[in-house]
Amino acid sequence: MFDLQDLYQEVIVDHNRSPRNFGKLETANHVLEGFNPLCGDRLTLYVETDGDIIRNISFDGSGCAISVASASLMTEALKGKHMDEARRLFNEFHDLLTKDNDIDLDTYGKLAALAGVRAYPSRVKCATLCWHTLNAVLQGEQTPVSTE
Ligand code: ZN
């Protein structure tokens with residue numbers, strides 16, 4: 001039997017080493033910056049929407065392994081999704097990292113790799129920075145996001 005914790009660790013290391021959807025998206029119609037002062041994570045999120053569909057999404061910037069892996073996993077999870085679905089995922093992911101109740105990790109797919117972060121409250125903002133930035137984009141906000 002494999003060790004689930006090791007598997008999750010591998011997902012984070014892999015997505016940090018070779019982040020998916022990394023780089024500026026020229027076709028983006030929404031661009032927003034996010035900053036996590038606690039850790040120094042910075043990212044810019046590029047989102048191309050077509051009506052209510054997230055047609056394409058990418059990010060760049062620099063930050064710790066958790067912030068980069070989380071943004072990479074998020075962009076993978078959201079490409080092609082309806083905005084309502086993205087909002088639902090944001091809420092679920094936020095619960096995953098901040099609530100103490102039992103969760104069914106199977107429903108989160110690869111995003112579950114970040115569930116271990118909930119044991120380290122100071123790192124939760126690293127993992128949620130990209131999601132807060134996304135949420136601001138979905139709400140039409142244009143001022144840069146700070147987790148503070
Ligand atoms: Zn960080």
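Trainee: Is T133 buried or exposed?

Mentor: This is a predicted model, so keep that in mind throughout. Buried means under 20% relative accessible area. T133 has 0% relative accessibility, so T133 counts as buried. T133 sits in helix α4.

Trainee: Which residues is T133 in contact with, leaving aside its neighbours within four places in sequence?

Mentor: T133 is in contact with L32, E33, G34, L43, L45 and V145.

Trainee: Let's move to helices. What span should helix α3 have at 1.5 Å a residue?

Mentor: Helix α3 covers residues 83-98, which is 16 residues. The span should be 22 Å. The end C-alpha atoms of α3 are 22 Å apart, so the model agrees.

Trainee: Which residues of α3 are buried?

Mentor: Start with the general idea. An α-helix has 3.6 residues a turn, so residues three or four places apart point the same way. Now the case here. The buried residues in α3 are M83, A86, L89, F90, F93, L96 and L97. Looking down the axis of α3, you find these buried residues within an arc of 130°, so they line one face of the helix.

Trainee: What do the buried residues of α3 pack against?

Mentor: They pack against β2, β3, α2 and α4. In residue numbers, α4 is 124-138.

Trainee: How many residues of α2 are buried?

Mentor: In α2, 12 of its 14 residues are buried, so call this helix mostly covered. The buried set includes I66, S67, V68 and A69. Further along α2, L73, M74, A77 and L78 are also among the buried residues. For length, α2 reaches 20 Å from its first C-alpha to its last. That is close to the 20 Å expected at 1.5 Å a residue.

Trainee: What follows α2 in the chain?

Mentor: Just after α2 comes G80, with a positive phi of about 85°. K81 is in the loop between α2 and α3. K81 counts as partly exposed, at 28% relative accessibility.

Trainee: Which residues is K81 in contact with, apart from neighbours within four places in sequence?

Mentor: The contacts of K81 are D52, I53 and I54. Take I54. K81 and I54 are 27 residues apart in sequence. In space they are 5.5 Å apart, C-alpha to C-alpha.

Trainee: How should I read a positive phi?

Mentor: Most residues other than glycine have a negative phi. Here, look at N21. Phi of N21 is near 55°, a positive value in a residue other than glycine.

Trainee: Where does N21 lie?

Mentor: N21 lies in the loop between α1 and β1. Those elements are residues 4-17 and 30-36. N21 is partly exposed, with a relative accessible area of 21%.

Trainee: Which residues is N16 in contact with, leaving aside neighbours within four places in sequence?

Mentor: N16 is in helix α1. N16 is in contact with C64, A65, V68 and A69. N16 is partly exposed, with a relative accessible area of 30%. Compare sequence and space for another pair. N16 and L114 are 98 residues apart in sequence and 12 Å apart in space, C-alpha to C-alpha.

Trainee: Which element gives the most to the lining of the largest cavity?

Mentor: β3 does, with four residues. β2, β3 and α2 each supply at least two residues of that lining. By class, the lining of the cavity has six nonpolar, four polar and three charged residues.

Trainee: What volume does the largest pocket have?

Mentor: The largest pocket has a volume of about 240 Å³. Of the 13 residues that line this pocket, Q9, I12, I66, G116 and V117 are the closest to its centre. The elements giving two or more residues to the lining are α1 and α2. α1 gives the most, with five residues. By class, the pocket lining has nine nonpolar, three polar and one charged residues.

Notes. Residues numbered from 1 in each chain as written. Predicted model: local features only at pLDDT ≥ 70, side-chain atom pairs only at ≥ 80, totals over all residues. Heavy atoms only, no water. Nonpolar A, V, L, I, M, F, W, Y, C, P; charged D, E, K, R; others polar. Expected span 1.5 Å × (residues − 1). Buried < 20%, exposed > 50% of the residue type's maximum accessible area, 1.4 Å probe, protein only. Arc of directions from axis to C-beta. Contact = heavy atoms within 4.5 Å. 1 Å grid on protein atoms, 1.4 Å probe; cavity = no way out; pocket = protein on both sides within 12 Å on 5 of 7 lines; lining within 4 Å. Points joined across faces, edges and corners; volume = space filled by probe spheres on them.
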